Each structure stands twice: as C-alpha cells, then as structure tokens.
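Subject: A structure for you to look at

Hello,

I am handing over the structure we talked about, and I hope you enjoy looking through it. Please open it first, and then read on for what was found.

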Amino acid sequence: MLQSFYSYASHHPIPGHLPRPGPRLRTNYCPGVFAYKRSLPLPLPLPLPLSLFVLLQHTATPLPIREGKRRGRIKICCRGLERASEGDSNHSSGSSCCHWLTNTKKVTIMVDDFILGTFLASLLGFVFLYILRRSATPKADKRRRAVGAFNDEIRNDCVRSSENGEVRPETDVIVVGAGVAGAALAHTLGKDGRRVHVIERDLTEPDRIVGELLQPGGYLKLIELGLQDCAEEIDAQRVLGYALFKDGRNARLSYPLEKFHSDVSGRSFHNGRFIQRMREKAATLPNVRLEQGTVASLLEENRTIKGVQYKTKTGQELKAYAPLTIVCDGCFSNLRRSLCKPKVDVPSCFVGLVLENCKLPFPNHGHVILADPSPILFYPISSTEIRCLVDVPGQKLPPIANGEMANYLKTLVAPQVPPELYSSFIASIDKGNIRTMPNRSMPASPYSTPGALLMGDAFNMRHPLTGGGMTVALSDIVILRDLLKPLCDLNDSASLSRYLESFYTLRKPMASTINTLAGALYKVFRASPDQARKEMREACFGYLSLGGVCSTGPVALLSGLNPRPLSLVLHFFAVAIYGVGRLLLPFPSPKRLWIAARLILCASGIIFPIIKAEGVRQTFFPATVPAYYRAPPVQ
C-alpha cells in the first residue's frame with residue numbers, strides 16, 4: 001500500500017517540485033465486473049482524500065460479483081498519463097485479474113465500492129475530527145475566559161463611570177418625561193422586558209386644566225396596553241357623547257358604541273390622578289426606574305444620540321446612556337428642536353374653571369356651546385366637579401390680577417352659558433380659581449435621528465377642542481410597542497432608526513384623522529364676521545343635528561373609533577354641500593349663489609392646508625410610502 005502511495009506521489013508532484021521516478025502502481029479488479037463506458041475526466045493531481053480512498057480500496061478483499069451485473073463501478077480516466085505499455089502480456093490477457101500502470105502520461109483507475117474500505121475511510125475521518133475538536137477545546141476555553149474578563153471589565157467601567165457622574169448602558173430605553181405618554185410607554189416597554197429609565201422633572205401629582213377627556217378610541221388603546229385599571233379608583237366619569245348648543249337650540253350626539261363591550265366609553269377625570277396611577281403602575285415593574293430630574297440636553301456622538309445629561313433633585317449633574325432615547329416631555333419640550341422641525345401655532349388660549357354642585361343638561365356628555373367669539377366646553381371630571389374651558393382667540397388674555405378676566409367672563413361669556421350652569425359659573429368666577437393654558441398645534445415633522453425618537457405632545461399637537469391628544473399618544477405607543485417587539489437588541493442605532501421610519505407612516509390614519517378634525521372644527525366653530533364662515537358654522541350644526549350617519553359618522557371620527565382620513569374629508573365637504581343647499585333652496589339668488597361659491601372656497605381653505613401639513617401621501621396613500629414595508633433589522 002505504501003509503495004503504491006509513493007508511486008502515485010512520484011507521478012503527481014507538489015507544484016514547484018520535480019517528479020521522482022518510482023515503482024509501478026498495481027491495481028486489481030474482478031474480470032466479470034461491468035465498467036462504465038463513459039470515463040470521468042479528473043484534473044491532476046488528485047486530491048489527497050481521493051488518493052487515500054483509492055489506496056484503501058485496493059487493499060480490501062473484493063466481494064464476489066456475478067457476471068453482467070452493474071454494481072456501480074466507476075471508471076476514472078486521468079488526463080496527463082498514458083495507458084499501460086501495450087507490450088505487457090499480463091494486461092492483454094483476458095484471464096488475468098490485473099494490469100500494470102507505468103510512469104506514463106495517462107492511467108485508468110478502477111475504484112470499487114468495497115464495504116471494508118469505506119468503513120476504514122469513515123473511521124479515519126472520525127478519528128481526525130475527534131483530534132481536531134480536542135485541539136480546539138483549549139482555545140475555545142481561552143476565548144470564553146477572555147470574553148468573561150472583558151464583560152467584567154465593562155461592568156467595572158459602568159460602576160466607575162457612574163461614580164464619576166455617568167451611568168453607562170445597563171438601560172435599554174431612556175424615557176424623558178412621565179406624563180400620559182411617558183408613563184404609559186415606560187410600563188409598556190417594561191412589561192415587554194426592556195430595562196427602562198424614566199426621568200421626570202416633577203414626580204408630584206400634576207395640576208392641569210387639559211388632558212382630562214379620554215375618547216372611546218383612546219380607552220380601547222388603554223385596554224390594549226393593559227392600563228385600563230388606571231382609570232379606576234380616581235372618580236373617573238363615563239362619557240357617552242356630546243351635546244351641541246347654539247342660539248337656544250341643542251343637539252345630542254352619542255358615540256356609536258353598539259358593537260363594543262358595555263364598559264367601553266369615553267372617560268373624564270382629573271389629569272393628575274390619572275397620571276399618578278400610571279406612574280405607580282409603571283414603578284411596580286422591577287426593570288422600570290423612575291427618577292426625578294431635569295434633562296438639560298441630549299448626548300450626541302457621530303450624529304447618534306447616546307443618552308441624556310440631566311440634573312437630579314439634589315442638584316447633581318449626571319449622564320445616562322441607552323441605545324434608544326424617547327423624548328416625551330410635553331408641549332413645552334426643550335429637546336424637540338434637535339429632533340424635529342417645530343412649527344408651533346397658538347391660535348387661542350383656554351381659561352379654566354371648576355364648577356361645583358351643579359348638574360349638566362345631558363348627564364355623562366361633553367357639552368359644546370357655539371358661543372361668540374369662541375366655543376365653551378363643559379364636561380365632568382369627578383362626581384361633584386365639572387370642568388369649564390372658555391376659548392379666547394389669540395395669545396393675549398385679559399389680566400387676572402386686576403379683575404379684567406373676571407369681568408370678561410361675567411359680561412361676555414356668562415350670558416351664553418346654559419341656564420342650568422349659570423349660577424355655578426358665576427360662583428366659580430367669584431371664587432377666584434381661574435387658570436389659563438395656551439392652545440398649541442404642531443404637525444409632526446421629525447428628523448430621522450439615530451438613537452432618539454419623539455412622542456406625545458413634544459412630537460405632535462392639535463387643538464384640544466376635541467380632546468384627542470391622549471388618544472393619539474396611546475395609539476402611537478401601541479404602534480411603537482409592536483414595532484419594537486421582535487427586536488432583542490437595540491444597539492444598532494442606524495438600522496433601528498431606518499426601521500422606525502415606518503412608525504411615522506403607520507401612525508398616520510389615527511393621528512391625521514384626529515388632528516385634521518380638531519383643526520377644522522375649531523375654525524368652523526369659531527365665530528367670524530364673514531358671511532360664508534357664518535353659513536359654514538350654521539351648516540355644521542344643522543348637519544350634525546340630522547342624526548343617523550350625519551351625526552354618528554363625524555362622532556366616530558372624533559372619538560377615534562373610525563380613523564379614516566378619507567371619511568373625514570367626505571363628511572367635511574358633505575357639510576359644505578349641505579350649507580350650499582340651505583342657501584339655494586327654495587329659490588337661489590345672485591347673492592346666495594355668491595355666498596354658496598365662497599362657502600365651498602372657505603371649506604377648501606380650512607381643510608386643505610391642514611391636510612398638506614399632515615402629509616397628503618402618508619395620510620391618504622400610506623401603502624405607497626417605502627417605509628411602510630420596513631422589516632425589522634436582522635439581528
């Protein structure tokens with residue numbers, strides 16, 4: 001066998017070495033065995049495993065094979081060698097079972113599939129593999145020890161950096177702000193196993209005059225997030241619809257809740273109580289950490305947000321790091337300028353009062369009075385309290401300290417309040433607890449910033465007339481939760497940022513519907529000296545008073561139960577056409593035709609700029625946006 005192997009090696013030298021002459025290689029085969037006529041050409045030199053296999057086969061004892069049976073013999077013709085010498089008598093004899101191969105240019109090798117040879121070759125392979133694994137084990141152990149030492153070094157660095165005022169990533173997500181959006185987001189991500197660090201400027205109970213009405217669509221999102229119990233034990237009131245008042249007339253508009261569970265409805269409550277309940281629930285999770293502190297800036301490195309710099313309650317300046325930072329610090333955010341293009345508009349301000357010991361004309365309904373110059377809102381926030389919000393156009397308000405605001409409310413607003421609420425309204429003014437709040441609107445115009453994301457009022461605002469802010473925020477949290485769920489690692493900031501671009505498109509149906517409706521309704525409900533605007537306001541009240549689909553359709557849009565922007569546009573122009581019909585029937589006149597034409601132009605001038613700000617393509621054709629189909633990054 002060794003002699004044959006050296007002979008083969010002498011005929012197939014290693015490149016760069018001269019061949020050495022050697023003895024002949026002898027092969028044997030059974031004469032009665034069929035051989036394939038088509039030879040398989042192989043380049044020389046033959047691979048070493050094949051040469052070993054051939055040599056092992058020739059050392060084995062062939063099995064007896066009957067004449068004429070094809071038993072899988074393979075005839076390999078190796079180019080570059082010649083046949084055996086024609087003068088060899090043993091080769092020419094048919095009775096001999098062997099032939100001789102000389103050191104020539106072509107050779108024919110007969111490879112037999114013997115069981116013993118195959119077994120020996122397999123055994124050698126297993127032995128060789130076992131030796132390789134044994135030799136690799138010390139190296140693998142050494143690598144594991146090195147990785148363990150490296151991880152220990154990282155943990156030690158984290159401890160040292162925290163002592164120096166830096167908290168290195170033992171956190172997956174930093175949430176800036178613990179309002180409605182921040183607290184709900186912290187609980188949601190923490191429940192999914194994320195390590196969340198929440199930094200809130202003030203963890204005491206907030207006292208606000210907005211964010212007190214949660215629409216039914218928002219309540220459904222609250223149930224989806226598992227936070228519905230946060231609306232319990234805070235004396236929250238069920239809200240079943242709206243009541244409109246105009247010039248002594250009224251119309252009752254109920255939410256279309258027939259297809260939902262009996263518990264589903266709107267909820268109104270004290271904003272601070274609701275937020276505290278969500279903070280407490282988030283804090284019960286072991287991987288959620290709530291800390292009081294003021295975030296001064298975002299930490300940026302190579303155009304990627306790495307964390308935040310903040311000041312604790314005691315005044316200590318620290319840095320916190322995480323792969324993802326979500327900014328939810330509200331409408332007065334000081335961080336949004338580095339993450340979006342803020343175009344904040346302040347069309348009006350709310351003046352807030354709390355009425356006590358009175359009953360609403362329609363229990364468990366929000367009340368909207370189409371007053372002059374702006375709407376007035378009433379809704380319950382507890383079993384004994386009713387919130388009153390008076391809209392004052394513009395940004396300049398009568399001063400409260402010198403009594404001008406009280407005089408404005410008593411002389412201009414009070415005469416338009418329903419009689420059932422008049423005495424309590426005056427008593428609340430005399431009590432002196434008057435609060436104000438600017439009403440802001442801001443379309444979502446984010447930058448794609450690796451490592452950071454905006455949410456809540458820091459990201460997108462609309463006029464609070466329709467009470468849709470919390471519904472949009474909770475809907476956004478549901479979408480973000482579903483996007484992050486398949487991701488185990490958030491450290492690839494570039495890929496994560498590109499993937500989360502789909503968030504801005506997926507949120508559009510709900511957000512655009514509520515944003516557009518809030519902006520359009522405020523412009524329609526606000527009084528104006530323009531005759532076309534007056535007709536539009538009257539047409540809106542008349543259209544909603546018709547009942548049926550004319551009332552349930554718009555209310556379903558307003559409540560977040562039907563987030564379809566196209567349906568909103570159809571209803572809006574249906575109101576305009578209804579107004580044109582009122583003007584032209586029974587007999588049109590040139591003046592009425594002119595007002596009708598201006599009414600259509602007025603309706604277009606109200607809704608189209610809002611739609612443009614929201615984004616036409618993302619709002620109406622989200623499936624055409626490439627980001628809509630973004631798949632999670634490969635991990």
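The expected span of a helix is 1.5 Å times one less than its number of residues. Helix H7 (residues 271-283) shows how this works: with 13 residues, H7 reaches 18 Å from its first C-alpha to its last, close to the 18 Å expected. Please keep in mind that this is a predicted model.

Now for the overall picture. The protein chain has 635 residues, and 48% of them are buried. Its secondary structure comes to 18 helices and 23 strands. Among contacts with a separation of 6 or more, 74% are between residues 24 or more positions apart.

Back to H7 for a moment. Its buried residues are Asn 271, Gly 272, Phe 274, Ile 275, Gln 276, Met 278, Arg 279 and Ala 282. What covers them? The cover includes helix H5 (180-191), strand S8 (196-200), helix H6 (216-224), strand S14 (288-301) and H10.

Phe 274 also turns up in the largest nonpolar core, which holds 68 residues. Together with Leu 185, Val 308, Ile 326, Leu 480 and Leu 484, Phe 274 touches the most other members of that core. Helix H10 (residues 469-484) gives the most to this core, namely nine residues.

Next, the aromatic rings. The count comes to ten aromatic pairs. One of them is Phe 269 with Phe 274, a stacked pair at 4.5 Å centre to centre and 25° between the planes. Both of these residues are buried. Phe 572 and Phe 573 form an edge-to-face pair, at 6.0 Å centre to centre and 90° between the planes. Phe 572 counts as buried because its relative accessible area is 9%, which is under 20%. Elsewhere, Phe 459, Phe 503 and Tyr 504 form one aromatic cluster. A ring also meets a charge: the charged end of Arg 267 sits over the ring of Tyr 219, 4.3 Å from its centre.

Thr 466 is in the loop between strand S23 (452-454) and H10. Is Thr 466 buried or exposed? Thr 466 counts as buried, because its relative accessibility is 3%. Not counting residues up to four places away in sequence, Thr 466 touches Gln 215, Tyr 242, Ala 518, Leu 521 and Leu 558.

Glu 420, by comparison, lies in helix H9 (residues 419-431) and is partly exposed, with a relative accessible area of 45%. The C-alpha atoms of Glu 420 and Cys 358 are separated by 7.6 Å, although the two are 62 residues apart along the chain.

Finally, a word on the record. An unreviewed UniProt entry carries the annotation "transmembrane region" for residues 114-132, 541-561, 568-587 and 593-611. In the model, residues 593-611 are 100% helix and 0% strand, with end C-alpha atoms 27 Å apart. Residues 541-561 are 71% helix and 0% strand, and their end C-alpha atoms lie 21 Å apart.

Best wishes

Notes:
Residues numbered from 1 in each chain as written. Predicted model: local features only at pLDDT ≥ 70, side-chain atom pairs only at ≥ 80, totals over all residues. Heavy atoms only, no water. Core = buried A, V, L, I, M, F, W, Y, C linked by side-chain atoms within 4.5 Å. Buried < 20%, exposed > 50% of the residue type's maximum accessible area, 1.4 Å probe, protein only. Helix = DSSP H or I, 4+ residues; strand = E, 2+ residues; numbered from the N terminus. Phe/Tyr/Trp six-rings, centres within 6.5 Å; stacked < 30°, edge-to-face > 60°. Lys NZ or Arg CZ within 6 Å of the ring centre and 35° of its normal. Contact = heavy atoms within 4.5 Å. UniProt positions renumbered as here; feature names shortened; annotations may be inferred.
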